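Subject: A structure for you to look at

Hi there,

Here is the structure I promised to pass on. Please open it next to this email and follow along as you read.

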Amino acid sequence: MNLDIDKYSAIVVVGGDGSFHEVMNGMMARSDKKRLPMAFIGNGSGDDTNKAVGVFDLEKALDYIVKG
């Protein structure tokens with residue numbers, strides 16, 4: 001999928017670690033090299049990515065997103 005990312009200021013991924021990595025890999029593979037900040041709301045079975053950065057609940061994840 002080719003998304004016109006100039007229309008957006010960030011990408012928020014909701015899902016598990018695999019979802020986060022899939023979106024990140026997709027952005028890194030863009031031929032135009034354009035990037036957006038990414039945020040992550042864990043909703044998977046393990047949520048190792050969230051644990052690694054110290055986010056253990058939805059409210060904390062939303063606080064990080066809102067504060068940029």
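First, a term that you will need throughout: helices (H or I, at least four residues) and strands (E, at least two) are DSSP runs, numbered from the N terminus. With that in hand, look at the end of helix H3, which is followed by Gly68, a residue with a positive phi near 75°.

Two notes on how to read everything here. This is a predicted model, so local features need pLDDT of at least 70 and side-chain atom pairs count only at pLDDT 80 or more, while totals for chains, interfaces and linings use all residues. Residues are numbered from 1 along each chain as its sequence is written, and side-chain values use heavy atoms, with hydrogens and water left out.

**The overall picture**

The protein chain has three helices and two strands, and from the N terminus on they follow the order β-α-β-α-α. Along the principal axes, the C-alpha atoms fill a box of roughly 35 × 25 × 15 Å. Of the 68 residues, 25% count as buried; buried means under 20% relative accessible area, exposed means over 50%, and partly exposed is in between (1.4 Å probe, protein chains only). The chain exposes about 5,000 Å², and carbon and sulfur atoms supply 54% of that area. Accessible areas come from the Shrake-Rupley method with a 1.4 Å probe, and for residues only the protein chains shown count as cover.

A contact means heavy atoms within 4.5 Å. Among contacts with a separation of 6 or more, 61% come from residues 24 or more positions apart.

**The two strands**

Strands E1 and E2 pair in the parallel sense over five bridges; two strands pair if DSSP finds at least two bridges between them. You can find Val13 with its bridge partner Phe40 in E2, and Val14 with its bridge partner Ile41, also in E2. To get from E1 to E2 the chain goes through H1, and this β-α-β crossover is right-handed. Right-handed here means that, with the strands pointing away from the viewer, the path from the first strand over the helix to the second runs clockwise.

How many salt bridges does the structure hold? There are two, a salt bridge being a side-chain nitrogen of Lys or Arg within 4 Å of a carboxyl oxygen of Asp or Glu.

One of them joins Asp6 and Lys34, with the closest N and O atoms 2.7 Å apart. Asp6 lies in the segment before strand E1 (11-15) and Lys34 in the loop between H1 and E2, so this pair ties together parts that are 28 residues apart in sequence. Asp6 counts as exposed at 55% relative accessibility, whereas Lys34 is partly exposed at 32%.

The side chains of Asp32 and Arg30 also meet in a salt bridge, at 2.7 Å from N to O. Is Arg30 buried or exposed? Arg30 is buried, because its relative accessible area is 17%, while Asp32 is partly exposed at 36%. Arg30 sits in the loop between helix H1 (17-28) and strand E2 (38-42). Leaving out residues up to four places away in sequence, Arg30 touches Leu3, Ile5 and Arg35.

Lys33 belongs to the loop between H1 and E2 as well. Lys33 has a positive phi of about 65° although it is not a glycine. For background, most residues other than glycine have a negative phi. Lys33 is exposed, with a relative accessible area of 56%.

**Both ends of H3**

At the start of helix H3 (residues 58-67), a side-chain oxygen of Asp57 reaches to within 3.3 Å of the backbone nitrogen of Glu59. At the other end, Gly68 lies in the segment after H3 and counts as exposed, at 96% relative accessibility.

Enjoy exploring, and write back with any questions!

Best wishes

Note on methods
Polar contact = N/O pair within 3.5 Å; in protein donor to acceptor, adjacent residues only side chain to side chain.
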